[in-house]
Amino acid sequence: MPERDSGWVGGSVVDAEDARLATAALAAPASSPVQSRTGLRPAPGDPGLVRATGTPSGNVTVQPFQAVIQGTRHAGAGAYLTTLDEQKTLKVLDVPAHGSYSRIDLVVARQTDAQYGDTTSRFTVEVVAGTADPSPAEPVVPGDVLKLAQITVRANTSSITTADILDLRPYTCAVGGILPVRNADQRPVDAYNGLYVHRQDTGRLEFFNGSGWKSLVIEDDTGWQPLSLNPFVWLPQRPGVDEDGSGVHVRRIGQVVYLRGTATRRTTPAGHGAVIVTIPQAFRPPLAHHWVANTFTGHAPPANAHQFLDMSLQRNGEVALWTDNNVSVPVGETIYLNTSYLLG
């Protein structure tokens, strides 16, 4: 029958599956309402990290951890809550390296269960050796497992180095919690509407809205960053006037970038395409940004001075004049570089 016995109900009717289903209800869900996400519980001390030994050897160590491993052999198998309570050493090169070809081994946390046909019912952290080959592939590991790391065992090697180890650790969290992920590829493919993840590569929170991932910017402010102009052709202010600022600055708050400051032409007149300043990579828009900038002399005699100028910020970060070919900025003219734009 579809109804399962509730956890810790009286009368000794709760079996192992019922108990796993009850406790796993507190963990983040996976692809169905009665499945939990397989992964490590986040904690201090790099839980589950696979390391090469300090003195190079054929061994690796695994840091202590607690983890959720979803059972896969039955629809109602529930999730196993597992623990490695101290650092463990694994002997990778007990299976010697091949003389000519590399192989790929896996470090896994595995739960066996006699209820589903296994010969034992135990939790182990172990190395599963791959097959040496000109194009090696990681071994297929049946049963209920959590992959911790991939190890490349180089041909004819006698030691495992840090460069040989690829971290594969997935994380999990409590139901409704924020799930740590190393990068975009680790975001769950079976996410539910409203799941939050913390991207460790960007430091940002993202949430799944039912159709895709959106960034949640809580506080992401670079502050005003000074920019350098070419001192031979531009001055970063209007001479003798302090209120217009002491330079050109850029600032990003969330996905919005702000540019402020002034630039005064110093030597020869500047025409179409003249570059005033270059914006750093982190502040550059995905497409060119155009705006109209006002000038100082355009508000005063001579009457034929240009009051407004077309400006362009290109994807390469260059802020340049985007005027007609017959329009130029005379020596001594000041341009006010005040604009804002979205990065996304």
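Here is a short chat about ring contacts and loop residues in a predicted model.

Residues are numbered from 1 along each chain as its sequence is written. Local features need pLDDT of at least 70 and side-chain atom pairs 80 or more, while totals for chains, interfaces and linings use all residues, and side-chain values use heavy atoms, leaving out hydrogens and water.

Student: How are the rings of F65 and F123 arranged as a pair?
Tutor: Phe, Tyr and Trp rings (for Trp, the six-membered one) pair if their centres lie within 6.5 Å; planes under 30 degrees apart are stacked, over 60 edge-to-face, the rest tilted. Here the centres are 6.3 Å apart and the planes sit at 85 degrees, so the F65 and F123 pair is edge-to-face.

Student: How many residues apart in sequence are the parts that this pair ties together?
Tutor: Strands are DSSP runs of E, at least two residues long, numbered from the N terminus. F65 lies in strand β4 and F123 in strand β8, so the pair links parts whose separation in sequence is 58 residues.

Student: Is F65 buried or exposed?
Tutor: Buried means under 20% relative accessible area, exposed over 50%, and partly exposed in between (1.4 Å probe, protein chains only). F65 has 4%, so it's buried.

Student: Which ring does the charged end of R260 sit over?
Tutor: A charge counts as over a ring if NZ of Lys or CZ of Arg is within 6 Å of the ring centre and within 35 degrees of the ring normal. For R260, the charged end is 4.0 Å from the ring centre of W224.

Student: Where is N156 found?
Tutor: N156 isn't a glycine, yet its phi is positive, about 65 degrees. At 61% relative accessibility, N156 is exposed. Its place is the loop between β9 (144-153) and β10 (165-167).

Terms used. Helices (H or I, at least four residues) and strands (E, at least two) are DSSP runs, numbered from the N terminus.
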